[in-house]
Amino acid sequence: MENYKPVTVITGASGGIGEYLAYEFAAMGEDLLLVARSADKLQTIAAKIETQYSVNTSFLALDLSEATAGEQLAEHLKQNEMQVRHLVNNAGFGLNGPMQKLDRLEQLNMIDLNVRSLTDLSLRFLDEVAANEGGILNVASTISFMAAPYMGVYGASKAYVLSFTEALSGEMKDRNVKISAVCPGPTATGFGARSHMDRSDLFDHVPTMSAKDVAKIAFRDYMRRKTVIVTGISNKPLPYIIRLAPRWLTRLIVGKLMNTEK
Ligand SMILES: NC(=O)c1ccc[n+]([C@@H]2O[C@H](COP(=O)([O-])OP(=O)(O)OC[C@H]3O[C@@H](n4cnc5c(N)ncnc54)[C@H](OP(=O)(O)O)[C@@H]3O)[C@@H](O)[C@H]2O)c1
């Protein structure tokens, strides 16, 4: 194990925010293991990174929502004599629509990915990242701060990510390890189409950031050991406003923005 190469593991690195986080860690000189389901996309990104930066970049095509995914990832690392220095739990998806109309199994699958897998990997590799003086960067959302009608399960999953990460940071405060949750607002990636958010008004009314800008801020503030990272000037006041606003008002406004049933 001592001779194993330290790497940064990034989930959901086949596009969007995960891809740009991969460029940030590569620019710092970190060897990478990119994880997602799409082998072809991962291969293209890994090749691009190896041409642009002098780091080793490998990939693993894996469905992280499967119950055995954590075990498969750990086995892959062992087989390839790698150990985790930084873990970026970025893979995730949302679903927009009334809960009783959305597919129940798809909503449960979202919990398997956004919550279960993130928790499994964080706990599984915590000792390893601490031993390597690295850390864990979990991707939450600005939705983590509020209940979100018409995006209820997704919002609850991201509230979990923020709460879990803050608690973990509290437990690790005396250790030389970084623990951060990044909370992006609407970001131009494949997320909108995958979540059917193109049917709601959110992306029309709220400023959208690029995945590159989100990744740059997330990486910078993670390195500065910031626990909760809210990306973008327009999103920064949100946690404070939500704290002051009556909960019924927040539910009403968010519900209006997310409602696809009009
Ligand atoms: N875009 C936004 O507005 C926004 C805002 C706040 C938070 N976020 C969060 O940011 C994170 C990244 O999303 P994104 O915006 O970059 O969206 P994206 O472009 O759709 O990227 C999602 C990534 O997750 C991977 N993924 C999805 N299901 C997976 C599974 N079962 N197993 C393994 N990998 C899987 C996808 O790759 P494959 O399809 O190849 O598996 C892809 O690489 C997510 O956690 C999302 O909730 C996004």
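Here are some notes on a few parts of this structure, for you to follow along with the model.

1. **Before you start.** This is a predicted model, where local features need pLDDT of at least 70, side-chain atom pairs count only at pLDDT 80 or more, and totals for chains, interfaces and linings use all residues. Residues are numbered from 1 along each chain as its sequence is written. Helices (H or I, at least four residues) and strands (E, at least two) are DSSP runs, numbered from the N terminus.

2. **Strand β2.** Have a look at residues 32–36: five of the five residues in β2 are buried. Buried is used for a residue with 20 or more other C-beta atoms within 10 Å of its own, exposed for one with 12 or fewer, and partly exposed for anything in between, with C-beta atoms placed from the backbone. L32, L34 and A36 point one way from the strand, while L33 and V35 point the other way.

3. Strand β1 (residues 5–11) runs parallel to β2, and four bridges join them. Two strands count as paired if DSSP finds at least two bridges between them. You can find V9 opposite L33 of β2.

4. Q52 and A26 are 26 residues apart in sequence, yet 8.9 Å apart in space, C-alpha to C-alpha.

5. **Around the ligand.** The ligand has 31 residues around it, and the closest are G12, G16, R37, S38 and G92.

6. **Helix α8.** This helix (residues 211–223) has 13 residues and reaches 18 Å from its first C-alpha to its last, close to the 18 Å expected (1.5 Å times one less than its number of residues). In α8, A211, V214, A215, A218, F219 and Y222 are buried. Seen down the axis, they fall within an arc of 125° (taken from the directions from the helix axis to the C-beta atoms), so they line one face of the helix. They pack against several elements, including α1 (16–27) and β5 (135–139); contact here needs C-beta atoms, placed from the backbone, within 7 Å. Just after α8, R225 takes a positive phi of about 65°.

Conventions. Two residues are in contact if their C-beta atoms, placed from the backbone, lie within 7 Å. A residue is near a molecule or strand if its C-beta atom, placed from the backbone, lies within 6 Å of it.
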